Amino acid sequence: MSAPALHLRDASVRLDSMPVAGRDVQVLPDAEERAALATAVGVTSVDALEVKLHAVKFRGGIRVTGRLTAAVTQPSVVTLEPLTQQIDEPVDRIFLPGGEKPYAGPANAEIFLDLEGEDMPDHVEGNEADLTDLIVETLALAVDLYPRRPGESLDDLGLKPDVAEDHPFAALKALKKDED
C-alpha cells in the first residue's frame, strides 16, 4: 500500500479565474505538513518553509516564478550530529495543458520550447494547478545530500586508514625481489 499523496494547502492555482496580471501564491505549511515534507524529502525535519510564487497565464498554460526559503535539519555524514541547512532557491516553471487540450491551441498560435534546456514544461490537467509537487521537487533538489560542518572530516575522528599497509599492492610489494 502506497503512502497518500502529499498536498499542501494554499498551493493550488485556478486557471479559469486568473487575472491578467496573474496571481500571487504564498505557502506557509503548518507543523503537520512540514513533517510530511521532511519524510518526502528524506531529512530529519523541515523547521521552516516559506514559498512565495507568482503565476501568470502563459501560452495556454501558466508560468510560475518565485522563491522558496527553508531551514532543514539532517544528520552530518561525518559525526551524525544534527545539522541545520538554510535553503534559498529561485523557482521558475512552465505548466502546459495536458492531454485533453492541444498544445498549439488555435491556428497560428505556436509554442516554442527549448527541448535541450534543463527543464521541460510540466503538465496541468483541468482548471486547477497543484503546485505541491513543484515545491517538494525544489526543496529536495536544494537539500545537501552529504551535509557536514565546515572543516569537518573523517580525519578528525581518527578513522583514516593507514595507506602504507592497506593499499591493494602491499602484498605484491612483499613478493618482489630486491634488485641490488
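Buried means under 20% relative accessible area, exposed means over 50%, and partly exposed lies in between, for a 1.4 Å probe and protein chains only. This is a predicted model, in which local features need pLDDT of at least 70 and side-chain atom pairs count only at pLDDT 80 or more, while totals for chains, interfaces and linings use all residues. Residues are numbered from 1 along each chain as its sequence is written, and side-chain values use heavy atoms, with hydrogens and water left out.

Start with helix 1, residues 31–41. Helices (H or I, at least four residues) and strands (E, at least two) are DSSP runs, numbered from the N terminus. In helix 1, E33, L37, A38 and V41 are buried. Seen down the helix axis, the buried residues fall within an arc of 145 degrees, so they line one face of helix 1. That arc is taken from the directions that run from the helix axis to the C-beta atoms. On the other side, A31, E32 and T39 are exposed.

What do the buried residues of helix 1 pack against? They pack against strand 3 (45–58) and helix 2 (132–142). Contact here means heavy atoms within 4.5 Å. After helix 1 comes G42, with a positive phi near 90 degrees.

Now turn to the sheet. Strands of a sheet pair through backbone hydrogen bonds, either parallel or antiparallel. Two strands count as paired if DSSP finds at least two bridges between them. Here 5 strands form an open sheet in the order 2-3-4-5-6, and the pairing is mixed. Strand 2 (23–27) and strand 6 are at the edges with a single partner strand each, so one side of each has no neighbour in the sheet. From one strand to the next, the twist averages 25 degrees. Axes are lines fitted to C-alpha atoms, for helices over the stretch in contact, and angles run from 0 to 180 degrees between N-to-C directions.

Strand 4 (residues 61–75) and strand 5 (residues 82–97) are antiparallel, over 14 bridges. They form a hairpin with 6 residues between them. In the turn, L80 has a positive phi of about 65 degrees. Q74 has L83 in strand 5 as its bridge partner. Strand 5 also pairs with strand 6 (residues 122–124), in the parallel sense over 3 bridges. There, P97 stands opposite V124.
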